[in-house]
Amino acid sequence: MKRSVVLGTLALAGLAGAAQAATLDDVKARDALNCGVNPGLTGFAAPNAEGVWEGFDVDVCRAVAAAVLGDATKVNYVPLSGETRFTALAAGEVDLLARNSTWTFSRDTDLNLDFAGVNYYDGQGFLVPSALGVTSATELDGATVCIQTGTTTELNLADFFRVNNISYTPVPIANDAEGRQQYLAGACDTYTTDASGLASVRTTFENPEEHVILPEIISKEPLGPAVRHGDNDWADIARWTLNALIVAEELGVTSANVAEMAAAPTENPEINRLLGTEGEMGAMIGLDNQWAVRAIEATGNYGEIFERHLGESTPIGLARGLNAQWTNGGLLYAPPFR
């Protein structure tokens, strides 16, 4: 009896694995990528005035669609809240989650997610009105705090206040839009989330100069796209598309020169392998040899994406910081294309 139970369990596991391993086939059959994104976070994911989705995370979706389907516009964007994003991915409602989500131990293991890598190194901060007269998060004893439920920020907040022996009253919010509304309405003294998200939210205020982001960064928030656990082939495609954008910047491959560089082998073997003029790397992940060329043409390299949506010339005005290439003192580092 025990043996039959074990064999039955193994059979079910095998069926589940087979079901999960068809993502690439599903995307090709549908001729569209279902991509889970933030419902609206300026610079990361939001529809523009024409209703077209754009942003730093949106370009991850576009790059994968270009690599797999040959067309960066073949994406169905699925807005997901902090509470629903992981269940939607697990249920197969989306093929890829590109929604400023933190890579953590429990999400990787208990939730059975596979993170494709880190596309933004972040940390949790606090936004306060200048009129509050607070210059440090340690001065927030007794504060009301707008906090998005279903996120790592809830746990980080509790840890920070506990360690500093101060108290707070949470004001639960469902998403960034509600957080912005509640904060501006005075429902909370401070709004806490990823520092990049705070910078994004502040740009939407009528008088952004009247609000400050406090200096403390209280957590590590490695943000990145995720896929369902169990489909290694699809995870490879997501992972190496992201890596292609990162290494393209390091190697000087841009949206403007990628077609010319892909027309014939260059003197750099890694560029040749990346762009498919040498070797058969596309076949290794079930794609043709031009997959990375299409991704880079569609979105530009990582640096182009960052500067277009988040950089210092944008209203958000973020410096590269930790998100600079490793050759420039940052943490951005793609494994070799070899």
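In the predicted model, the C-alpha centres of domain 1 and domain 2 are separated by 29 Å. The contact between the two domains draws on 17 residues from domain 1 and 17 residues from domain 2. The domain assignment of the chain places residues 23-119 + 224-328 in domain 1 and residues 123-221 in domain 2.

The size of an interface is often expressed as the accessible area lost when the parts come together. Between domain 1 and domain 2, about 1200 Å² is buried, with 54% of this area on carbon and sulfur atoms. On the domain 1 side, the residues that lose the most area to domain 2 are Leu41, Glu83 and Thr102, which together account for 31% of what that side buries.

An unreviewed UniProt entry carries the annotation "domain: Solute-binding protein family 3/N-terminal" for residues 32-261. This span, residues 32-261, is 33% helix and 23% strand, and its end C-alpha atoms lie 28 Å apart.

Helix packing was examined for H9 (residues 232-251) and H14 (residues 302-309), whose axes come within 6 Å and cross at roughly 95°. Because angles of 65 to 115 degrees count as roughly perpendicular, H9 is roughly perpendicular to H14. Helix H9 contributes Leu245, Ile246 and Glu249 to the contact, while helix H14 contributes Tyr302, Gly303 and Ile305. Classified by residue type, the contact of H9 with H14 comprises four nonpolar residues, one polar residue and one charged residue.

Notes: Residues are numbered from 1 along each chain as its sequence is written. This is a predicted model: local features need pLDDT of at least 70, side-chain atom pairs count only at pLDDT 80 or more; totals for chains, interfaces and linings use all residues. Side-chain values use heavy atoms; hydrogens and water are left out. UniProt positions are given in the numbering used here, feature names are shortened, and annotations may be inferred rather than shown by experiment. Helices (H or I, at least four residues) and strands (E, at least two) are DSSP runs, numbered from the N terminus. Axes are lines fitted to C-alpha atoms, for helices over the stretch in contact, and angles run from 0 to 180 degrees between N-to-C directions. Angles under 35 degrees count as roughly parallel, over 145 as roughly antiparallel, 65 to 115 as roughly perpendicular and the rest as oblique. Contact means heavy atoms within 4.5 Å. Ala, Val, Leu, Ile, Met, Phe, Trp, Tyr, Cys and Pro count as nonpolar, Asp, Glu, Lys and Arg as charged, and the others, Gly among them, as polar. Domain bounds come from an automatic or database domain assignment. Buried area is the accessible area (1.4 Å probe) that two parts lose on being put together, summed over both.
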